[in-house]
Amino acid sequence: MMKVLAGSRARPEEYEPLRQAGHEVVLAPFGGARRGPISDELLTISRDADLALGVNLPRRAMAEAPRLRALVTTSIGIERVDVESATDLGILVCNSPSPENFNGVAEATVGLLIALSLGLKRKEASLRVRGWGQDSDRGGLLMGRTLGLVGLGRIAAGVAQRLQDWGVRLIAYSPRTPQERFESLKVERAESLDDVFRDSDFVSIHVVATPETRNLIGERQLRLMKPTAYLVNTSRGQVIEEAALEVALREKWIAGAALDVFAEEPLALESPLRDLDPERVILTPHAMSHTWESRAGGLRMAMESALLILSGEAPGTVVNPAALPLWRERFIAVA
């Protein structure tokens with residue numbers, strides 16, 4: 001029997017597959033944190049854990065848990081996990097990119113594009129605040145417009161597929177993506193990031209947060225956008241220089257934006273983004289794609305990864321393959 005330290009957000013009965021496999025499940029008092037101090041309680045209960053599921057442990061906790069085989073998240077994102085420390089210690093990190101998750105983000109992105117294009121927030125304000133609509137509330141069609149995608153992974157592909165028959169011109173900047181993928185999705189390849197921002201009526205961001213993509217989009221790109229263009233970000237907030245974006249929206253370099261992610265989360269109450277015109281700027285708390293289906297899909301995938309790891313197999317969801325040699329040396333040789 002092995003011990004799984006599990007996040008407390010899921011209901012205890014949802015971990016039943018682990019118990020049925022003969023493992024002990026211990027609920028963490030909270031999710032843990034990547035950096036900073038760790039509570040004595042979490043440090044104590046993690047010391048003899050074989051796997052952490054939905055619980056983020058800092059380096060100290062990982063180093064003091066000699067049996068810890070893996071950290072498994074229940075979602076796609078791993079930016080809160082100390083992947084570098086885990087790799088150094090021979091601990092696997094796995095995410096859970098379930099179809100329900102990335103399809104949910106794709107659907108949410110299309111929804112935000114429609115809301116911006118039609119001026120949904122402006123029309124709602126006319127009814128709620130001004131009594132009824134007015135001619136200046138008119139929006140525009142997506143049909144005949146250009147959507148620029150930054151990245152062409154699963155979520156961006158989902159957006160492109162959903163807009164195939166909408167009469168939207170699709171372009172994307174994704175330099176490492178094979179041409180065959182562009183052609184299969186009927187997306188034009190942009191030669192540079194600047195081309196996407198210069199030519200698009202809508203720009204949608206779909207890249208993960210890495211040192212390479214941090215602050216990828218700043219004043220230069222925002223100034224290239226048309227004053228009638230909109231920006232949508234459902235990927236990671238660290239990709240955009242928020243100070244530059246706040247200025248671009250306040251000074252109306254661009255028409256508006258929809259932001260579901262932010263450089264620091266939760267978004268600070270004093271953030272200037274909160275003070276921007278709510279009729280032009282949609283802000284949601286990194287939850288646009290949260291559905292009951294995505295929650296169940298992420299937990300199911302995480303459970304499958306956990307069971308494989310506890311049986312001595314490395315699942316296909318490992319995001320730090322550099323840890324595998326030491327992981328096998330530590331755990332498989334003595335299994």
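Begin by colouring domain 1 (2-95 + 292-333) and domain 2 (99-283) separately, the two parts into which the protein is divided, with bounds that come from an automatic or database domain assignment. The model is predicted, so that local features need pLDDT of at least 70 and side-chain atom pairs count only at pLDDT 80 or more, while totals for chains, interfaces and linings use all residues. Residues are numbered from 1 along each chain as its sequence is written, and side-chain values use heavy atoms, with hydrogens and water left out.

Next, turn to the boundary between the domains, whose C-alpha centres lie 33 Å apart; the contact (heavy atoms within 4.5 Å) takes nine residues from domain 1 and six residues from domain 2. Together the domains bury about 670 Å², 51% of it on carbon and sulfur atoms, where buried area is the accessible area (1.4 Å probe) lost on putting two parts together, summed over both. Select Ile76, Glu79 and Ser294, which lose the most area on the domain 1 side, together 57% of what that side buries.

Three salt bridges are counted between the domains, each a side-chain nitrogen of Lys or Arg within 4 Å of a carboxyl oxygen of Asp or Glu. Then select Arg80 and Glu265, whose side chains meet in a salt bridge at 3.8 Å, N to O.

Finally, show Asn233, Gly237, Ile240, Glu242, Leu245, Leu259, Val261, Phe262 and Leu273, which line the largest cavity, a set of points on a 1 Å grid over the protein atoms alone where a 1.4 Å probe fits but cannot get out, with lining residues having an atom within 4 Å of a point.

Notes:
1 Å grid on protein atoms, 1.4 Å probe; cavity = no way out; pocket = protein on both sides within 12 Å on 5 of 7 lines; lining within 4 Å.
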